[in-house]
Amino acid sequence: GETTSSSTSVVATTSPVPTPDPGSVPSERFEIDGTVLEKEGIGPQLCSVTLSSFPPQCEGLPLVGLDWSAVPWAETAGDTTWASIHLVGTFDGRAFTLTESPLESTGSRRLFELADFTTPCPGPEGGWTVSAPSADADFHRAMIHAEAQPDFAGLWVDDLLDNSEREDDEHDAATFIVNFTFTGDLDRHRSELRAIYGGPSCVSEGVRSLAEMREVQHEVFGRLASAEAENAGIYGRFGMVGGVNQFRGVVEVSVLVAIGDDLQRWLDEEFGAGLVEVRSALRPVG
């Protein structure tokens, strides 16, 4: 499906971290799956976002106690060594310190659920049909009109054909349903869009306007890299990625480290109740 959601990534700069005094390391253990990379003068570090160059590049959370001889599946090119690793250790606010031998990663877990592209409107009697001749130009005119409305909340396409039935160059309006969501005045929006686009379409109620969510999205990355965020348990300075989820009406952000019981309360106070959700790749063992 197609969406108007946008995403933004921020990678924070890190510097070498000295090995901490064992007596100062917290006892709570965490685990994480991710890419670890080390190159001359940088690392090893647990990548927040990995650039797909060769060799790859990344910056993220400094890693203490890694012995590459325990990672025989690692790859090396030039002055860079990297691998996907399952790590168990402790976090002290500055670095992740290993407490167990690294294991080969089975893949990072999904931090947010996949969007549901199902059309919420009931199917019309006789099935979804084209009510008037409708070209690609009409579809794009309808998109532009919808996105220009102050209460526009989102847009996606729900295919009526599966991949085996669709030709690569097929754009027949009868083969998909265009979904538009707004926060109010749905009857007016239906009437206006029906006059522009004659293909199957559904107009339903969205949670929040896309403009509101994007305004928060532009602000949230800077705020999550602040000292106030760290006091709440969100360590955005090690890197984060996220964007608007138009289906749920929230701004979703994933970070390497977000720990503590006050996370959501702080987010709700700063951005509004339920508007921003943060997920942590680092998770308590067990």
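Number the bonded cysteines of this protein in sequence order, and the pairing reads 1-2, 3-4. A disulfide is a covalent bond between the sulfur atoms of two cysteines; here, a pair counts as a disulfide when the sulfur atoms are within 2.5 Å. Searching the whole structure turns up two disulfides.

Before you click, remember that this is a predicted model, where local features need pLDDT of at least 70, side-chain atom pairs count only at pLDDT 80 or more, and totals for chains, interfaces and linings use all residues. Residues are numbered from 1 along each chain as its sequence is written, and side-chain values use heavy atoms, with hydrogens and water left out.

**First stop: C47 and C58**

Select C47 and C58 and show their side chains: the sulfur atoms of this disulfide are 1.9 Å apart. C47 sits in strand β3 (residues 42–51) and C58 in strand β4 (residues 57–64), so the bond ties together parts 11 residues apart in sequence. (Strands are DSSP runs of E, at least two residues, and helices are runs of H or I, at least four, numbered from the N terminus.) Now look along the S-S bond: its torsion is about -60°, so this disulfide is left-handed.

**Second stop: C121 and C202**

Next, select C121 and C202, joined by a disulfide with an S to S distance of 1.8 Å. This pair links distant parts of the chain, 81 residues apart: C121 is in the loop between β8 (103–104) and α1 (136–147), while C202 is in strand β11 (residues 201–205). Here the S-S torsion is about 75°, so the disulfide is right-handed. Finish on C202, which counts as buried because its relative accessibility is 1%.

Definitions and conventions
Buried means under 20% relative accessible area, exposed over 50%, partly exposed in between (1.4 Å probe, protein chains only).
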